[in-house]
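Open the model in your viewer and keep the selection tool ready. We will go stop by stop.

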Amino acid sequence: MVKIGNIELGEFPLLLAPMEDVSDPPFRAVCKDNGADLMYTEFISAEGLIRDAAKSLQKLDIFPYERPIGIQIFGDKVDVMREAARIADEAGPELVDINYGCPVKNVACKGAGAGLLKDLEKMQKITEEIVKICKKPVTVKTRLGWDDSTINIMEAAQRLQDVGVQALTIHGRTRAQMYKGSANWELIAKVKEMPSINMPIFGNGDIDSPEKALEYRNRYGVDGIMIGRAAIGYPWIFNEIKHFFATGEHLPAPDMAARVAVCRKHLTRSVEWKGDVLGILEMRRHYSNYFKNVPDFKPYRTRLVQSENAAEILATLDEIADTFADVQWPA
């Protein structure tokens, strides 16, 4: 049984990655329905939280169906991160997560996210202060290092555990790689194999099929896997992996009726949470993924992304379910 503090996550948990502009409550709802064991909010600016910025505060929203869930924060100042962690902790998640892995320029190059891999002493100090102030377990998500010449994940893992971090997720790329190339799971495994490391180690990067999940679980010995991009438009991946682990067989691929039903729920929750305008606008990035590889779909996709009326979009989805009812996907 994998545990973070007193949170029991099963024998080999599957985690939903915190993805900016993706891992919001509507998306988390459909992932939870389809087998995600632990989820995280989108990453939240520490500066935004302490300034009461509306966008940052909204990201603290947690719903009962999502639990267990972690709130993830990022920043580069010790006092600001401490106060933001207090706010996050009081919002009622099961845990508070620190982002030391975001590679984007306006985060990492300002000393936050993966930028803190260049200053492990500061990373350790921020983490220590957050652990002290939080009543909930503190976890971290990070990368292997800044670039290939500064791989320091083993030292970072030890420092983080020493100040009280209770689980670590490692994306198997450096900041310089961004999302290119292949994730290096051998270095993730080296952290897991360190005799002094006893916190759960979760691997992240390139998991996009049940076969790969099983292979990486067996080869690298991690305590669980975090899935990000592969879940966008395909939340079924969590249950498909679990079924493959248990039986060695594939679940049937979701048919068109199932895809439309999940897309409808995603859209409905998006509108309920964000309002008509933003809820409809921010769903547009998901349609291509829900209906990937559907032949002659372009006219329907155009209608979905151009419509500004939820009822109209729902009607289009019903039409899609009827028109493409016979489309089959390989298992």
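Which helix holds both E129 and K132, and how many residues apart are they? Select helix α6: both residues lie there, 3 residues apart, about one turn of the helix. Bear in mind that this is a predicted model.

Show the two side chains. E129 and K132 form a salt bridge, with the closest N and O atoms 3.5 Å apart. K132 is exposed, at 57% relative accessibility. E129 is buried, at 11%.

Next, select K77 and E47. Their closest N and O atoms are 3.4 Å apart, in another salt bridge. K77 is in the loop between β6 and α4, and E47 is in helix α2, so the pair ties together parts 30 residues apart in sequence. The whole structure has 21 salt bridges.

Move to helix α12, residues 276–283. Pick G279, I280 and M283, its buried residues.

Last stop: the largest nonpolar core, with 108 residues. F291, L317 and I320 touch the most other members. Select L317 and look for its contacts, among them V260, L267 and L304. A second, separate core has 5 residues, including F43 and C102.

Conventions:
Residues numbered from 1 in each chain as written. Predicted model: local features only at pLDDT ≥ 70, side-chain atom pairs only at ≥ 80, totals over all residues. Heavy atoms only, no water. Buried < 20%, exposed > 50% of the residue type's maximum accessible area, 1.4 Å probe, protein only. Helix = DSSP H or I, 4+ residues; strand = E, 2+ residues; numbered from the N terminus. Core = buried A, V, L, I, M, F, W, Y, C linked by side-chain atoms within 4.5 Å. Contact = heavy atoms within 4.5 Å. Salt bridge = Lys/Arg side-chain N within 4 Å of Asp/Glu carboxyl O. Lists of a residue's contacts leave out its neighbours within four places in sequence.
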